Amino acid sequence: MARINDVGGMAGFPPIVEEPDEPRFHSDWEAHVFALNGALIRRGVYNLDEFRDAQERLPVQRYLAASYYERWFAAITTLLEEKGVATAEELAAPDDHGH
Amino acid sequence: MTTGTDRFAPGDRVRTRSLDPAGHTRLPRYARGAVGVIVEPAGSHPLADDRARGRVGSAQTVYHVRFAAADLFGAGDHTVTVELWEDYLTPVEEDAP
Amino acid sequence: MSGDHSSSVISAHVRQVEALLEQRGLLDDGEIDRRIDEFAAGGTPANGARVVARAWVDPGFAERLLADANAALGEVGLSMSGGLQEQRLKVVANSATEHHVVVCTLCSCYPIALLGPSPSWYKSEAYRSRVVRDPRGVLREFGVELPAETRLSVWDASAESRYMVLPRRPEGTDALSEAQLAGRVTRKGLIGTALV
């Protein structure tokens with residue numbers, strides 16, 4: 001089914017915003033997510049297409065609310081659970097524990 | 001089953017698949033069911049749709065396919081060139097004169 | 001962007017997952033920092049600019065670049081094999097009659113080796129949704145007004161190739177050295193959302 005990432009030709013998105021002197025990453029964790037993904041793909045835990053697929057399958061509202069690297073991190077944890085590397089509980093955000 | 005070995009040549013007219021697959025694909029929605037022209041082959045790779053499902057198919061040719069914007073959106077005088085796997089494409093027979 | 005609180009939450013979450021993967025033997029000690037350093041030392045738009053300047057001063061190189069960009073990159077000591085796998089590069093040349101612009105409508109594919117990390121606007125839905133449908137309008141948003149007769153050609157990086165635009169050499173630059181010419185080339189010029 002057509003997915004939320006597939007936006008070519010769609011109407012309704014806001015004006016394009018340029019960020020002058022944009023840094024490579026906006027925070028340290030973004031760089032960590034970037035590096036983590038590369039490490040897992042190189043180890044064959046998942047491939048690049050599975051990674052893209054996992055982002056595309058995020059719930060639409062969550063996808064649109066997430067920043068670029070938040071989507072990456074959500075895809076990484078989804079795949080780690082699906083590949084049996086770790087359980088959902090182990091992968092849950094620190095804040096989620098005890099709720 | 002396609003063989004994935006340069007089934008099309010530059011200048012060939014092709015129609016893209018119109019069906020909406022259940023999972024990951026690299027045929028953008030805006031370019032589905034449209035007629036375009038092969039620009040050139042661009043290497044050979046296993047289909048991304050299969051790789052996303054954890055399957056590894058045999059490599060097939062990927063092509064640059066050029067579309068007139070008017071054929072995609074009903075308006076526009078530009079072209080859009082999309083890179084598409086052979087599986088997404090069927091030949092368009094030239095109309096009889 | 002997320003606020004400070006959500007940023008610190010996700011930051012702790014990422015570290016937790018890293019620690020878990022180290023325990024499982026899927027991440028080596030120090031590997032993340034090493035990869036971040038490697039990435040920082042990798043592609044920058046200066047690489048793409050160097051390729052363009054060479055093409056401007058050497059018509060033979062320009063011809064080879066447009067015919068087989070991967071091979072031509074080797075002549076200037078660059079390659080597209082720094083990432084997960086070697087990628088095919090396609091260079092498209094602007095002319096007096098045609099202007100090219102590059103996008104990835106499905107995700108954010110981009111020639112990092114030659115352009116460095118992509119800017120946020122390139123990854124935005126705003127750019128990706130509109131540039132295939134109305135490139136002239138998008139270029140206007142970037143302050144680029146092209147003559148009505150200039151043909152516009154959009155390239156959607158939907159598969160394995162990556163694209164770079166070869167901008168037109170600016171007028172009045174005959175006296176400039178190759179390095180000075182490279183200094184004129186911008187990242188947006190290499191994507192096609194600016195003239196040089």
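1. A word on terms before the surfaces: accessible areas come from the Shrake-Rupley method with a 1.4 Å probe, and for residues only the protein chains shown count as cover. On that basis chain C exposes about 8,200 Å², with carbon and sulfur atoms supplying 49% of it. For chain A the accessible surface is about 4,800 Å², and 53% of that belongs to carbon and sulfur atoms. Chain B exposes about 4,500 Å², and there carbon and sulfur supply 51%.

2. Please keep in mind that this is a predicted model: local features need pLDDT of at least 70, side-chain atom pairs count only at pLDDT 80 or more, and totals for chains, interfaces and linings use all residues. Residues are numbered from 1 along each chain as its sequence is written, chains are lettered from A and ligands numbered from 1 in the order in which they are written, and side-chain values use heavy atoms, with hydrogens and water left out.

3. Now the secondary structure, where helices (H or I, at least four residues) and strands (E, at least two) are DSSP runs numbered from the N terminus. Chain A has five helices and zero strands, giving the pattern α-α-α-α-α along the sequence. Chain B has two helices and five strands, in the order β-β-α-β-α-β-β from the N terminus on. Chain C holds 11 helices and four strands.

4. On overall dimensions, the C-alpha atoms of chain A fill a box of roughly 40 × 35 × 35 Å along the principal axes. The corresponding box for chain B is roughly 40 × 25 × 20 Å, and the C-alpha trace of chain C spans about 60 × 35 × 30 Å. With 97 residues, a compact globule would come out near 13 Å, and chain B agrees because it has 13 Å.

5. How much of each chain is buried (under 20% relative accessible area; exposed is over 50%, partly exposed in between; 1.4 Å probe, protein chains only)? In chain A, buried residues make up 56% of the 99 residues. Chain B has 46% of its 97 residues buried, and chain C has 55% of its 196.

6. Contacts (heavy atoms within 4.5 Å) can be sorted by sequence separation. Among contacts between residues at least 6 apart in sequence, those joining residues at least 24 apart make up 57% in chain A, 58% in chain B and 67% in chain C.

7. The cores deserve a look. A nonpolar core is a set of buried Ala, Val, Leu, Ile, Met, Phe, Trp, Tyr and Cys residues joined through side-chain atoms within 4.5 Å. The largest has 77 residues, and Leu89(B), Tyr127(C) and Met164(C) touch the most other members. Helix H3 (residues 45–57) of chain C gives the most to this core, with six residues. A second, separate core of 34 residues includes Tyr46(A), Val17(C), Leu20(C) and Ile36(C). As background, nonpolar side chains in soluble globular proteins tend to be buried together.

8. Which residues surround Leu89(B)? Setting aside residues up to four places away in sequence, Leu89(B) touches Arg7(B), Phe8(B), Val14(B), Arg15(B), Thr16(B), Ile38(B), Tyr63(B), Val65(B) and Leu84(B).

9. Do visit Val154(C), in strand S3 (residues 151–156) of chain C. Val154(C) counts as buried because its relative accessible area is 0%. Its contacts reach into chain B, including His78(B), Thr79(B), Val80(B) and Thr81(B), and among those in chain C are Val101(C), Val103(C) and Val132(C). The C-alpha atoms of Val154(C) and Val132(C), 22 residues apart along the chain, are separated by 6.3 Å.

10. Helix H2 (residues 48–56) of chain A is mostly covered, with eight of its nine residues buried. Among them are Asp49(A), Glu50(A), Arg52(A), Asp53(A) and Glu56(A). The buried residues of H2(A) pack against H1, helix H3 (60–65) and helix H4 (68–82) of chain A, as well as helix H1 (48–52) of chain B and strand S4 (161–166) of chain C.

11. Lastly, a backbone spot to check: phi of Asp21(A) is near 50°, a positive value in a residue other than glycine. Asp21(A) lies in the segment before helix H1 (28–42) of chain A and counts as exposed because its relative accessibility is 78%.

Technical notes
The radius of gyration is taken over C-alpha atoms; the globule rule is 2.2 Å times the number of residues to the power 0.38.
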